[in-house]
Each structure stands twice: as C-alpha cells, then as structure tokens.
Amino acid sequence: MAGLRRPSFLILSALALGPLHGYAVIKEVERLSADSVHLAAGTLYAALDRLTDEGLIEVDHEETVEGRLRRYYRLTVAGTAALAAEAEQMRRDARMVAQRLRGAGPAGAPRPA
Amino acid sequence: MPDDLRTTLLARRYRRWLLAYPRAYRRERGPEILATLLDAADPGRSRPPAREAALLLRHGLGRRVAEAGRRAFVVAAVAAVLGGLSGIALGSWLAWRDVDRMAPDRATAVSFAHAVLPGAFGDAADNYGRSTFWNPYSNNSLHGGTGVRVGRTSVTGTVPPPGGPEQVAAAVRQQLNAQGWRDVRTKVVRNGTSPPVSVEVTGTRAGYLAAVQITPDLSFDLMWAEPPGHRRDTILGGLAGALLGALFGLVTSIRVRRYGRGRQRAYSGLCVATLLLLTPACLGNIPTSTGSLLANTNRNGTGPSVYWGGFVIYGAEPLAILSLLPILAVIVTCAWPRPATARTSTTA
C-alpha cells in the first residue's frame, strides 16, 4: 500500500485509542498535530470515505445528541496494521535523517563489524 | 441575533451547500456531516466560512463524479466538443442571415472604385459568384461542395506608370481613410528581399468589405463585411453548444444506466454512430483566424470570416444531417419507459 497522507495518518492516529465521531476526530487531530492541522468537515468526510473504501476504518455505532446525529468510527484490523506500518516507516526515516544530520556516515551503509 | 436563530440560519445555509452531494449520499450522510459542521462552527457564526463551503462543494461534486462513473464524463466531454463546434457553426450562420443573400451590386462597386483607385480602370464590374456565399460543385444541393467561397464584385484597372505597388497602396490607403473606410490595413507579399510581389489594402465601410489588390494589375473587390455581431454570436453559439452537449451526454449516459444491458448496448452504438457522422463536419469546422478550417473565403485575397465551413464540405454535410437520427434515437432510448416486470397472479 502507498504511504498515507498526513491527514489520513492523523485521522487513523486519532482513532487508535477508540471510536470517535466526526467532530471529535477534528479536535483530536488538532491536538495530535499541536494545532498545525485543522481539518475542515469537507476534508474530513472525504478522508473518512476514502479510508472506509480502503477498509482501514468502519462505523462503530451511532447516537443522537441534542438532535444531532453522531456516527462513531473505529480502526479495522487492516487500519491498525497500516497505521503501525506507517509509524515504523516514519521511525526508520526519522532515524536515518537524524544520523545523516549528525554526520554519522551515509544512510544505509553497512555498520562496521 | 439569538443563538438559536443563528444556528438555524447556519444549518439552513450548510444544507444548501450539501446539495452539491448526490441525493443518496446526502440522505445517508447529510445529517452526520451537518452535525459535525455545526459542532465545529465558531460561536456567533451564521454563515459558512468560504473555505468550508468550497471544500463541501469540491467533495460533493467529487462524489457525483464517482457515482456517475468515468464513462458518463467521457461521453459528456466528447458531446461538449461536438456540440461546441456545431454551435460555432450555427452561431456564425445565424449572424450571417442578416446580410443580403446576393453579393454587392456592380453599380456600387464601380462607384466605390471611382473614389478609391488611383489609376485608369474600366466601368465594367465582374461577379465572382453572384451570391454572398457559394459552394462550388454543390449545385445548391445537400451533398456539399468544395468549401464555402465568398461572392465578390470586381473592378479591374491599371497601375499608374510612375509608382510601384507600395506607392499605389499608400495612395489607396489615403483615399480609403479620407472617405471614412475603417480598419484599413495593408498586406505586402514579398519573395525574400526582392520588391513586393503583391500588395493588398483592405477596409470596411457601411457593411461592405473592400480589398484592393496591386499586382502587375490593379483590382478592386467589393464583398459584404462580417456583420457586427458575428464574433459574439459565434462565441456564444460555441459556448451554448458545448454546454448543451455536455449536459446531453451526462444526463443520457446516467439515465441509460437504469436500463438493461440490451438498451445500454444500443445507447453505446448510437453514441458511436453520432460521433462518426458528426466528426468530419466538426473537424473541418475547427476555428482558425480566418474562419473555420475548411472555409475558403480567404482563397482569392482577403475575405470575411465564416465558421460553418466544415458543415458544407463535400460529404460532411449529408453525414452531419444524418447524425440527427442517432441523436433522436438516443433521446428515445433514454426516455422510453422500462418494460413492466412480469407479475404472477395468484388465485385462491
């Protein structure tokens, strides 16, 4: 699977602890990104549609609060695996960049025995 | 404004933007998206932010595209091109309907020549085609000829001895300007750095287009100029044709999906037939700076532009007329009611 785009990555991360409804996802993404990513509702639902189509999330349950319908989404098994794989890839990339910046040698070079 | 009223107004305005989504999607997800939009709205806001509205529009239209399917948009795009080129032809043709059907008369041509030509010339005028437009080898039939030509009335004279072509052209230009001709232009044709092979001076006045050609001989051609609204009508015709074509393609291709495979195959066949029948005329009608690709009104020197040349070229004209049949058949195919499903009657 191709790498996740940042909004999708943050949405999956927001759902990692449990099901959330649309507005809660927006707030959680803002918190996780230290207020650097503000999802508009149009962007959020486009991403939720895409992630649902890819089988990474699914509807958990619905409730109506003060006359407003809230639909909760949760990660699927494939979504959890994709998020973990993406996090691992990012961790490897971050380590490689940090090494290069410290001048510790070219990335991917074999370590001395 | 009370908060309840503000929220009601905001919800109503968001619902309008949600109309961008397909009906089925809106029914399924609309209340949920609206709830999120209202939860996320800044306090005191009664109008959706422009960015939010733009994103709803984009996502909604994206859903419509996804639901309509790629085929619908291919059909719509092709129909828009064919409709646009046909609309250009129709707009141009309608604009020219206001102009006299016969080329300018000989007496008028001779009187203008008297005032414009510097050298000696005869009082006789010749017609190169008596009609404003004519189509060689068509015999006014529907099979089309070798391309639309412009009818012109010509007066010939001789270049005065002391002057070369450029000096004569300057004199003609001066005369045209002095007598109120507009858009006076000079076109010089040379072979390398040698003296000019020919010079042509053109101008318009009172609906006439004059072209004075100075070769070894001197000739004054009088034609009808493009009617004032010609360019506007041509562009409007093209835009309207493209829009109608796109709508027709989109609506019919979406509608036909409700029917069975047999009717869908018939629809595809009719679309291909329309494309094949209209393509020759439309390709010939691609606009250029002097008219459509297959218009020959600039063949014998400067002439007025017409943009229906592709529709009167030999062979393309009857095919374009025949294309009305599959278009009508497409309408019937998409409008004809579905056969009723068989019902089994039960008896007690």
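## Terms and numbering

Two strands are said to pair if DSSP finds at least two bridges between them. Strands (E, at least two residues) and helices (H or I, at least four) are DSSP runs, numbered from the N terminus.

The model is a predicted one, in which local features need pLDDT of at least 70 and side-chain atom pairs count only at pLDDT 80 or more, whereas totals for chains, interfaces and linings use all residues. Residues are numbered from 1 along each chain as its sequence is written, while chains are lettered from A and ligands numbered from 1 in the order in which they are written.

## Strands of chain B

In chain B, β4 (198-205) and β5 (208-214) pair in the antiparallel sense over seven bridges, and within this pairing B:Val199 has B:Ile214 of β5(B) as its bridge partner. The hairpin formed by β4(B) and β5(B) has two residues between the strands, and B:Ala206 takes a positive phi near 50° in it. B:Ala206 is not a glycine, despite that positive phi, and it counts as exposed, with 9 C-beta neighbours inside 10 Å.

A hairpin of two residues connects β5(B) to β6(B), and B:Ile214 finds its bridge partner in β6(B) at B:Leu218. Six of the seven residues of β5(B) are buried, so this strand is largely enclosed by the rest of the structure.

## Chain A and its sheet

Chain A contains four helices and three strands, which follow one another from the N terminus in the order α-β-α-α-β-β-α. Of its 113 residues, 28% count as buried. Two residues are taken to be in contact if their C-beta atoms, placed from the backbone, lie within 7 Å; among contacts in chain A between residues at least 6 apart in sequence, 42% join residues at least 24 apart.

The three strands of chain A make up an open sheet, ordered β1-β3-β2, with antiparallel pairing. Because β1 (20-21) and β2 (57-65) stand at the edges with a single partner strand each, one side of each is left without a neighbour in the sheet. Eight bridges link β2(A) to β3 (residues 68-75) in the antiparallel sense, and A:Thr64 stands opposite A:Leu69 of β3(A).

The loop between β2 and β3 of chain A holds A:Glu66, which has a positive phi of about 50° although it is not a glycine. A:Glu66 is exposed, with 8 other C-beta atoms within 10 Å.

## Where the chains meet

How many residues of chain B are in contact with chain A? The contacts involve 16 residues of chain B and 13 residues of chain A. On the side of chain B that touches chain A, α2 (23-40) and α3 (50-68) of chain B each supply at least two residues, and α2(B) gives the largest share, 10 residues.

By residue class, this side of chain B divides into eight nonpolar, two polar and six charged residues. In this classification Ala, Val, Leu, Ile, Met, Phe, Trp, Tyr, Cys and Pro count as nonpolar, Asp, Glu, Lys and Arg as charged, and the others, Gly among them, as polar.

Notes:
A residue is buried if 20 or more other C-beta atoms lie within 10 Å of its own, exposed if 12 or fewer, and partly exposed in between; C-beta atoms are placed from the backbone.
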